[in-house]
4 protein chains.
Amino acid sequence: MKKQWGGRFEGQLDPVFERFNQSLGFDRRLLEADVRGSVAWARELGAAGVLKAAEVERLVAGLEAIGRETAADPSRLDGSTAEDVHSFVESALYEKVGELAGRLHTGRSRNDQVATDLKLWARDAFGRVRSRVEDLVAALVTLADEHADAPLPGYTHLQRAQPITIGHHLLAYVEMLARDRGRLKDALARMDTCPLGAAALAGTAFGVDRPTLAERLGFKGGPAGNSLDAVASRDHACELVFCCTQIAIHLSRLAEDWIFFSTHEAGFLRFDDTVSTGSSLMPQKKNPDVMELVRGKAGRVIGDLQSLLVMLKGLPLAYNKDMQEDKEPLFDAFDTTLACLEVAAIAARGARFDRERCAAAAGEGYLNATDLADLLVSEGVPFRDAHERTGVAVRRALELGVELQDLPAATLAELFPELDGDLASLLSVEKVLSRRCVGGGTSPDRVRASVRAWKKRMAAWGM
Amino acid sequence: MKKQWGGRFEGQLDPVFERFNQSLGFDRRLLEADVRGSVAWARELGAAGVLKAAEVERLVAGLEAIGRETAADPSRLDGSTAEDVHSFVESALYEKVGELAGRLHTGRSRNDQVATDLKLWARDAFGRVRSRVEDLVAALVTLADEHADAPLPGYTHLQRAQPITIGHHLLAYVEMLARDRGRLKDALARMDTCPLGAAALAGTAFGVDRPTLAERLGFKGGPAGNSLDAVASRDHACELVFCCTQIAIHLSRLAEDWIFFSTHEAGFLRFDDTVSTGSSLMPQKKNPDVMELVRGKAGRVIGDLQSLLVMLKGLPLAYNKDMQEDKEPLFDAFDTTLACLEVAAIAARGARFDRERCAAAAGEGYLNATDLADLLVSEGVPFRDAHERTGVAVRRALELGVELQDLPAATLAELFPELDGDLASLLSVEKVLSRRCVGGGTSPDRVRASVRAWKKRMAAWGM
Amino acid sequence: MKKQWGGRFEGQLDPVFERFNQSLGFDRRLLEADVRGSVAWARELGAAGVLKAAEVERLVAGLEAIGRETAADPSRLDGSTAEDVHSFVESALYEKVGELAGRLHTGRSRNDQVATDLKLWARDAFGRVRSRVEDLVAALVTLADEHADAPLPGYTHLQRAQPITIGHHLLAYVEMLARDRGRLKDALARMDTCPLGAAALAGTAFGVDRPTLAERLGFKGGPAGNSLDAVASRDHACELVFCCTQIAIHLSRLAEDWIFFSTHEAGFLRFDDTVSTGSSLMPQKKNPDVMELVRGKAGRVIGDLQSLLVMLKGLPLAYNKDMQEDKEPLFDAFDTTLACLEVAAIAARGARFDRERCAAAAGEGYLNATDLADLLVSEGVPFRDAHERTGVAVRRALELGVELQDLPAATLAELFPELDGDLASLLSVEKVLSRRCVGGGTSPDRVRASVRAWKKRMAAWGM
Amino acid sequence: MKKQWGGRFEGQLDPVFERFNQSLGFDRRLLEADVRGSVAWARELGAAGVLKAAEVERLVAGLEAIGRETAADPSRLDGSTAEDVHSFVESALYEKVGELAGRLHTGRSRNDQVATDLKLWARDAFGRVRSRVEDLVAALVTLADEHADAPLPGYTHLQRAQPITIGHHLLAYVEMLARDRGRLKDALARMDTCPLGAAALAGTAFGVDRPTLAERLGFKGGPAGNSLDAVASRDHACELVFCCTQIAIHLSRLAEDWIFFSTHEAGFLRFDDTVSTGSSLMPQKKNPDVMELVRGKAGRVIGDLQSLLVMLKGLPLAYNKDMQEDKEPLFDAFDTTLACLEVAAIAARGARFDRERCAAAAGEGYLNATDLADLLVSEGVPFRDAHERTGVAVRRALELGVELQDLPAATLAELFPELDGDLASLLSVEKVLSRRCVGGGTSPDRVRASVRAWKKRMAAWGM
């Protein structure tokens, strides 16, 4: 295929280098955006008097046909020798409208073209990521609603700490995902300026109306304010991928928790067979593959971010060919994050908690020790002393293999002369839970209130 | 020093592990925030009836004294055997107010305490980063104002591309930094919720008023909405460090440009002696150390982000000791970014452009070839043909060692029969610049307009 | 303090930049190596006739005194205004020997000097890391010896898979650490060439004998072969830090395993109180802090590697000031890895396995299902069918809440008409273990043989 | 397609999860290795008496046919619904040999199978990387031979420092690449142990001879020593990708140098048209795309390493599904590094140095200042004083716009009363070069000797 830049050159490209240089294999994903951008550019060249109205219409018709045809049959791109998606479209346009195609690139460069395409693509793509975040939030809120009052051991350091409710645990992830959603929104708003018209680096020399052009392409922030920056910056790509890393890390933590919950040892959670696999050797195995893959893919997304950051470090202005390497990590982070969100929602919808086992576990292992200390505090003991004395009681209970409330009465009387209530009742899981009724706390009432608040917020998101 | 958690334990810590575990060496930086948080907590315990008014006052007075004394003499922390800054403060408080100190930790855990301290510190610290971003913007805008109309070769692929102005080049970095500022602002707003009251993981069991507590500590977003999330999440730390990576990458690119500008080969820019160093061996050397260090430190900040992301990946809820490793990368990213911004501003203020040399360079090397093609376009030639024919002219000019406008008249007439104007004038640097008068373009008028716009925006920032 | 490069400069350094530029705060760690390198250089200048024998002796005596004095009292470096450790030593040398100090830098640059210092330091430092790897291997082998035959559930996907022995699990980490040791050895051998004599970039102009110089400094690989490479490359630093990342990842996995083993749910392992901490709020907590910190610090070491890689990417030859940023990540990776190895060995030595609980767990949860399928295979059933039929048996057993060998006789007869032996005995943990007697397998005999083999190998390491 | 693990499961996989879980899209690359591994396994099952000789032959014939057929027509794998390459081969084998296929998996798991496949693949693949490193070394040595004596400015801090030769500059990269080659060799040797026979985690229960099995598959290090480690470790993948990062960084530095050399400003180097591209807008542009892409792809390889490291951090033993994510980064690092080495060699072979311009540049900009100071040293002036006084001379020369040897005689006499020789000759580029005749120095003789030494070493590599 004829290059877009042949005049100055004598030789042919080395075929090995040509393959190395070719980006059509991945930037074909931008075709729809490229067509959209070119249509807008054609119209602006018309408005600026560079093209006649009839020429504009022929170009637009040709471009739209290319868009339709490749959407209907993406295999048209297979095996093309075009250098990149822009050359592919230009070349297809020559076939449609002949020499007129050669007028479309007036005042435009691939530099502002690709910068525009990437933003158009990213706006749609990461809008979809946001929707999937919302879907997962919905799945978790539903599950939290169902288990708002179901006790579960709460952990710190993976050691049993205090009883919480299953709903409370799920809503922790809802908080994280809601922040992830906000981050995405901010990132999308920040990048919403139009590079087209920046040309190669210095601004186009033709009198196009950049604000109108930006509007035509749906950029709410208007035209990008500096032509060098418009073609040379990729912080928006970094920021989107960073948003993905945070989603990925939050999902990796959910995965870690649920993989632990579904062990034989904990037995709190059972995944549906639809998202589990077995072993080719061991017939009894049922593995939480879905969450393991989600956890593992955090590495991939973090690697994508790394690739982008390293590529950009120390590049001079304006465009450098290194920047062709911006697309694959962005695409991969998008694909991976979208898929992880999707399967996590499926896993959540199929998750079955063993409420009885969870409740039993919440009552075993001294998770009420803090409350015992707190009882002493209400009798006027400074917390540090109460803590110390309760610690001694725990040591005694460990030796006897009993829970705190089951210590011999004599021991209790000796250790805690201040206390005289019914410890078994005062330290029951229900009481312990209900005491955490402060805002953000784990008491069933609070969790139910949170569920209601999230449902409202989801409604405000348009769900 | 006595531990805060001794009752349950029989043995002493192994001294090697104790050193390994100790965080006072770096979390001492949180002391001021820790005191502020504890004062607020004491007041809330008072309001909740857990402490008497007089007790509150004694605690507050003691805490404030500790804050003052360590501010006046930070060496008080040197050599302390306290496990962390919280233990240090508690222990100092015992010395001031005796056993009453043991009541302060009622209903609170180090988990919500450190989460709160870190946010209080970060709010101030990264507010300072934002100010330094603004300072650097101011320095660059001033320089851009001075050189709004001074020609400079513009580059893509580090090859001369089209003339731009020095001011335009500088304003590209202003755009980047303004986005960095916006990113910081968003990050600070997103994290502005108060973890205190979340206790260890499940919410405090004492009836403190978390909204008031949040307000007391200046958190505009109110209390954190879920106690597990409040103590276990660190996406805000990641986001702040990510903001730093973008600043660092933008500075690394400015560094790369300026290091190239200051080579013997380019000779466009001279750094002040105050930010340059020499060689211990080669007496003639004057090195742009300042910008090299700035560029190199991008690696450091990117490494800090990496450390945080990897540490968090796959951690179960809620707090795990791994998270003690959140502070050093955050502190280091802060210190590094702040310092880089500061020295970059100094370098900018001392940068001397050799305007004559820049202008001469902008006129040499066919930077006006696009404009020659554009002239053909105005004569009705499709751009692709115009591009091709100009490419041939460049090849011819290269052979003859002349600029395009200096090609023999016969050659010009043969290659471009359509053109008859005064090429030397039509292709002059001034003309080429003035044609890029589109929004965001490099023409001196546009650059001056941009400078005015930035000055307004800086005023809106309160500068 | 007077700079080493003042003659060409007019102004003073900006104090902010001076602080930014100063590396003494961290490169002071190289002092001992710097002195060693300078002593060798002085002797070579003597041998080359550049210095007289008496001058050499005075320089050497002065240098050695500086080494002794700063070793005895490192605070001599505090508050020095020297730019770096090399300037500090030179300046101290002026105080000792007067103007003669000015002759030592003949034919040498800080570029080859620091490259040499760093290698000298790294050789010793990472030799110590290797020793600590060996210590941990020893601790694990001892523990494996003790528990060579103790059953433990083996996991894949954190689901119980097949019985293994505790010893076998420990020896898996021994394999990893032994590879880590080999990697370190290779890295140290590869970097063992002497940069000194490369001068700033082009080689010294004085006739020093570089092979002798290299030998004097203990470099087994002789002088570095190209002066530009000698001063500009840091792949050896990257490789050493990469070795640390592998150690850190292996330790993070051991940590994950042991943290799980020490949960209330598993209950396989108890850490000693000497490496555990409690909670400031929850009196019952005993947390495996030591292994959590070890796991978390993997992030730090991976971040260190990242910092180095990013810093080096795209740097032109030869030395650039960016490279001043090579030291801190290398130092930090060293400190962190050394400390993690040390505390992991302490944790290992204090680890108490609950053998009874481990053995009971190994017999529960269908870990013998593969062996049941294998029994069918010995009766001529293709493995895939045997696997399928055993899977059905597991489903049946799950419904009944029994182990496979405890299925009703009728069910067994129906599902497995081929089998007629005593299933309870054939599927006992002991039998299952003993069948894995292939090389590398988990049978107690094999594990004991492996322990013996490791003890021999450790002896060959000089332990 | 029927799963390998169906018996225990009731439901079907969710189709979204099934796609997410499927690895055939990328692990198909292991098909040839999988066949090789299965052939060896079949033969060992035969030797162990588990299969009859005739069964072995039928299995081997079937497997080899599958290998041949998919090699001839890889599209056979397209659209397969097999979960992974192992299932694909097993299923194809059923078609060839019927139920006998079900006997092949006896005593084997996908865990040891994939670990073996990956090593078999990596051994060949990274052997090819090593060859390409050698090719590039050859290209650079040839170029260095041609330009062994051609002067070039040497740089530190991108400022002219001292004259070097073009050959010397090229050989610096040869040193780096030779170390990269050694690193690869060490990595390949370290990983050369055979996982097969480790089964799922505990070792196979069938009496296969693992040493023979290892030998059959060409593993020089014998069988892997611990079955858990054999299936759960991926440090070899990390190490190979780390080797790639070092190659990538070295190439990124070569790229940076050559991109600078080929600027209009330096003008030292011209790339061939076969590896350069133009601009779609600017007709005069000829861009060093090849080296820019090579530089940019360093980010990608570093990101691949990151992905792997993060994925592995904190994984429990033995296999977890996260580890399915080991392949894509390894494959990508391989593809990228191989391609970068290949195009870099093409670029090197087509690189044209402008020797005259290089030589002229080496004589301009005070690159001989160190030699002037050295002349003073030979007159007995301490180096520090000589340095200081030469610095003053440079300042004077800068003011006058002349080189050092062209300073007015009076100035020279005043500044350097000790000197009386012909400065122009003493400070000529040739003299300056020839003084660096120490081992590793830049003098033409030394460079020629180095070229000879490299040619010998290449011969020893079998080139």
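Predicted model: local features only at pLDDT ≥ 70, side-chain atom pairs only at ≥ 80, totals over all residues.
**Chain A, overall form**

I began with the secondary structure of chain A and found 19 helices and 4 strands. I then looked up how spread out chain A is. Its radius of gyration is 30 Å, while the globule rule gives 23 Å for 463 residues, so chain A is more spread out than a compact globule. I also took the box that the C-alpha atoms of chain A fill along the principal axes, and it is roughly 100 × 50 × 40 Å.

I checked burial next, where under 20% relative accessible area counts as buried. Of the 463 residues of chain A, 70% are buried by that cut-off. For the accessible surface of chain A I noted about 13,800 Å², with 49% of that belonging to carbon and sulfur atoms. Among contacts in chain A with a separation of 6 or more, I found that 76% join residues 24 or more positions apart.

**Chain A, charges**

I noted 58 positive and 67 negative side chains in chain A. The centres of the two sets lie 4 Å apart.

**Chain B, a hairpin**

I turned to strand 1 (residues 151-156) of chain B, which pairs with strand 2 of chain B in the antiparallel sense over 6 bridges. Which residue is the bridge partner of Gly154(B) in strand 2 of chain B? I found Gln162(B) there. Between the two strands of this hairpin there are 2 residues, and His157(B) takes a positive phi near 55°. Last, I looked at cover on strand 2 (residues 159-165) of chain B: 7 of its 7 residues are buried.

Methods
Residues numbered from 1 in each chain as written. Chains lettered and ligands numbered in written order. Heavy atoms only, no water. Rg over C-alpha atoms; globule rule 2.2 N^0.38 Å. Buried < 20%, exposed > 50% of the residue type's maximum accessible area, 1.4 Å probe, protein only. Contact = heavy atoms within 4.5 Å. Areas by Shrake-Rupley, 256 points an atom, 1.4 Å probe, with all protein chains shown as cover. Lys, Arg positive; Asp, Glu negative; His and termini not counted. Charge placed at Lys NZ, Arg CZ, Asp CG, Glu CD. Pairing = 2+ DSSP bridges.
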